[in-house]
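Please keep the sequence and the structure in view while reading.

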Amino acid sequence: MAAARRLLSLLLPLAWAWPEGCADPLDGGWPAGAVPEEERCSVERADASLTYSLFLQRFAFSRPVILRGVTDNSAFRALCTREKLLEAFGARPVRLSTANTYSYRKDTLYFFGDNNVTEWGPLFQRYVPPPFSIPGTSPAYSFGVAGSGSGVPFHWHGPGYSEVIFGRKRWFLYPPEKTPHFHPNETTLAWLHRTYPALPPAERPLECTLRPGEVLFFPDRWWHATLNLDTSVFISTFLG
């Protein structure tokens, strides 16, 4: 489903719906949420000491990894506060795209190719993508602002990265050969409440919560679902 709306009409309710003081200026003016994190992160982490050759050997074609400290996106982050986004793009029309019928009601905004890349170019030019490429692929960006409790249900596609700029985003991942139990028109939050608790330990996904400055790499054809714990600003780099 897709619909054109002005950015201002999407972002203002994300602040007005919360009591005064809930949006911490240190979090870019975006309100915090009450959706819980996982008990234990089960996705491997790596820091700036990870080399490109080791990335290709250990992760690029086999399993996800969370990277921290591999890029400095402080300049991009400064442009993604609620105040700055409204100032620069509040009057711009954007195309709202969602993964299922119900997530459309959660005020989830995604930037896809139907939007005017020229208008958003100055923002994207300040983003520093992860340094590790996959041979034979080229990058494409997807930028988003999403309310607490929203997310994308399980799906898969080619490899890519996802970085959280503000807020927290919880990820659930399965390898290609392990199809998760889910309904395509059920939100991730509903899946977490209804299906997740009954899963035996051996059938639970890899999972972790991304925080600002952390980048998740997911390999080709890995199943994944996301859940925004706070109002989140994020950018993904798809390697097609």
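Two strands are said to pair if DSSP finds at least two bridges between them. The model is predicted, and in it β7 and β12 pair in the antiparallel sense over 3 bridges, with histidine 155 standing opposite histidine 224 of β12.

**The strands**

- Strand β7, which spans residues 151-155, is mostly covered, since 4 of its 5 residues are buried.
- Strand β12 covers residues 223-228, and threonine 226 has its place there.

**Threonine 226**

- Threonine 226 has a relative accessible area of 5% and is therefore buried, because buried means under 20% relative accessible area.
- Once its neighbours within four places in sequence are left aside, threonine 226 is in contact with Ser150, Gly151 and Val152, with Lys169, Arg170 and Trp171, and with Thr188.

**Threonine 187**

- Threonine 187 is placed in the loop between β9 (169-174) and α6 (188-194).
- The relative accessibility of threonine 187 is 17%, so that this residue also counts as buried under the cut-off of 20%.
- A polar atom of the side chain of threonine 187 lies 3.1 Å from the backbone nitrogen of alanine 190.
- Although threonine 187 and valine 152 are 35 residues apart in sequence, their C-alpha atoms are 7.0 Å apart in space.

Terms used
Residues numbered from 1 in each chain as written. Predicted model: local features only at pLDDT ≥ 70, side-chain atom pairs only at ≥ 80, totals over all residues. Heavy atoms only, no water. Helix = DSSP H or I, 4+ residues; strand = E, 2+ residues; numbered from the N terminus. Buried < 20%, exposed > 50% of the residue type's maximum accessible area, 1.4 Å probe, protein only. Contact = heavy atoms within 4.5 Å. Polar contact = N/O pair within 3.5 Å; in protein donor to acceptor, adjacent residues only side chain to side chain.
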